[in-house]
Amino acid sequence: MDLTLKVWRQDGPGEPGEFKEYEAKGISADSSFLEMLDFVNERLVEAGEEPIEFDHDCREGICGTCGVMINGHPHGDQKGTATCQLHMRKFNDGDRIVIEPWRATGMPVIRDLIVDRSPLDRIIEAGGYVSVNTGGTPDANLIPIPQMAAESSMDAASCIGCAACIAACPNSAGQLFTSAKLAHLNLLPQGQPERYERTVAMVDKMEEFFGSCTNHAECEEACPKSISIDNIAFMNRDYIAGKFKDRRKAGQS
Amino acid sequence: MTTTGRRSDTKPARKLPWILEFYRSDVVKKWIMALSGIILLGYIAAHMLGNMKVYFGPEEINAYGEALRDLGGHLVPRTHLLWIMRIGLTIAFAIHIHAAYSLTRTNLQARGRVRYDVPREYLAANYASRTMRYSGVIVILFVVFHLADLTWGNANPDFMRGNPYANMIASFERVPVAIAYIVANLALGLHILHGVWSLFQSIGANNAVYNKWRRYLAWGFTAVIVLGNLSFPIAVQFGIIS
């Protein structure tokens, strides 16, 4: 199939950048979106031009490295998949595809389609972990966990940190990402000792970079893992509770 | 790693008193907007229900106005309880607006100046949720006019203090005023349609058991309020009450 690509090109952080049009002829309908970009890049290199830079790694939808805005939809308009899982058969011959990087003040463009997603790492560093002191490995299933709670935690944990939620949000809010990371730990018994400390620290860190939630739920639509905005409500509740909790009494169950 | 344009660059590092530190968080602002929203929704419902007295004749609604001023009976000085309610309501209104203003600025900054080339095609956000700031501004302007019209009387040439029935008729008999009331109440309807659903999210009262019912509640509440409020100018215009 033959396509026309309109791609954002930017030489480096803070550089002006502009859209450039590329003809992509003879693309296989079986190739993935990223393979299509590889193909275009090979031709650009052969022609002595700079290839289009984009983030990618596992190419099977589990690492969260890839992600671009495709015709105004994060990861394309196919629901519940990352850019790497989007195939060219979803497009029509002769289509014009606009490819843009994620846009948010907190995630500036590094080059072409690559943005700086390190704020997400800063949020995880603020509390997205469980402190485990060294010692013998505990027996599996030693701590009883209700099945439904384990499932909800696992649903939240499926977040791959691609930042599509931030890209989709009209306020560039990082709430779906942060709340998924919080729910993942806060729903489990192992996450309880640091629950409120973690919530306050991660939300405060998030607010240094991103906007606030206006409950549009666009993030849920864009999420390649279809993570629910119910996690955001859970985060809001824990944050307020965390602000009022007396940490000296946190040892009670 | 670049640091340009981060919100942390502009945030003050100085420690504020607890209550201000608490209010600085966006999550807290949304929580406070939800709580003040609940107070305002309660007021709107009571206001609409109280005004229904107009259908029972001038004596009924004028007695209702008098009862409001006499709230608390012999237990409190006259009009004091009404004033406490008015002040509480004003505070809730002011905080709701300030939080909205502050969050809007934060969000515009977080989004940045560079927009996507392809216009946004909303998948989940509805008209009501996207127009909150505009419907909110219409409601603010309307409240000012409404007070001038039926409480202070400056915007109503035939205003008679202590006679709400006559004032209401005099006001709604003017066609432009009736239209303004209808438009403002439709804007209010849009605002509370998203607000009633959204406040559960902001205070974290979500529950998969009744999540679906939050939509029904929002539609039901909005329908009752809007239809009730719209009935007054329409009834006067069609001469049902005069």
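Guide: Let us begin with confidence, since this is a predicted model. The pLDDT is the predictor's confidence in each residue, on a scale from 0 to 100.

Visitor: Which elements of chain B have the lowest and the highest mean pLDDT?

Guide: Where pLDDT is low, the predicted coordinates should not be read in detail. Among the elements of chain B, helix α1 (residues 18–24) has the lowest mean, 91, whereas helix α2 (residues 26–51) has the highest, 97. Chain B as a whole has a mean pLDDT of 92, with 95% of its residues at 70 or more, and for the complex the predictor gives an ipTM of 0.92 and a pTM of 0.92.

Visitor: Which residues have the most contacts inside the largest nonpolar core?

Guide: In soluble globular proteins, nonpolar side chains tend to be buried together. Here the largest nonpolar core has 94 residues, and those with the most contacts inside it are A:Ala163, A:Cys165, A:Ile166, A:Ala167, A:Leu176 and A:Cys219. Its largest share, ten residues, comes from helix α8 (residues 175–203) of chain B, while domain 1 (3–110) and domain 2 (117–249) of chain A each supply at least three residues. Leaving out residues up to four places away in sequence, A:Cys165 touches A:Leu176, A:Phe177, A:Cys219, A:Ala222 and A:Cys223. Apart from this core lies another, of seven residues, including B:Ile61, B:Met168, B:Phe172 and B:Phe232.

Visitor: How many residues does each chain bring to the contact between chain A and chain B?

Guide: The size of an interface is often given as the accessible area lost when the parts come together. Counted by residues instead, this contact takes 42 from chain B and 43 from chain A. On the side of chain B that touches chain A, the elements giving two or more residues are α2, α4 (80–111) and α8 of chain B, and the largest share, six residues, comes from α4(B).

Visitor: Is A:Pro119 buried or exposed?

Guide: The cut-off for a buried residue is 20 or more other C-beta atoms within 10 Å of its own. A:Pro119 counts as buried because it has 25 C-beta neighbours inside that 10 Å. A:Pro119 is found in helix α2 (residues 118–125) of chain A and, its neighbours within four places in sequence aside, is in contact with A:Gly106, A:Met107 and A:Phe209. Between A:Pro119 and A:Met206 there are 7.8 Å in space, C-alpha to C-alpha, although they are 87 residues apart in sequence.

Note on methods. Residues are numbered from 1 along each chain as its sequence is written. Chains are lettered from A and ligands numbered from 1 in the order in which they are written. This is a predicted model: local features need pLDDT of at least 70, side-chain atom pairs count only at pLDDT 80 or more; totals for chains, interfaces and linings use all residues. Helices (H or I, at least four residues) and strands (E, at least two) are DSSP runs, numbered from the N terminus. A nonpolar core is a set of buried Ala, Val, Leu, Ile, Met, Phe, Trp, Tyr and Cys residues joined through C-beta atoms within 7 Å. A residue is buried if 20 or more other C-beta atoms lie within 10 Å of its own, exposed if 12 or fewer, and partly exposed in between; C-beta atoms are placed from the backbone. Domain bounds come from an automatic or database domain assignment. Two residues are in contact if their C-beta atoms, placed from the backbone, lie within 7 Å.
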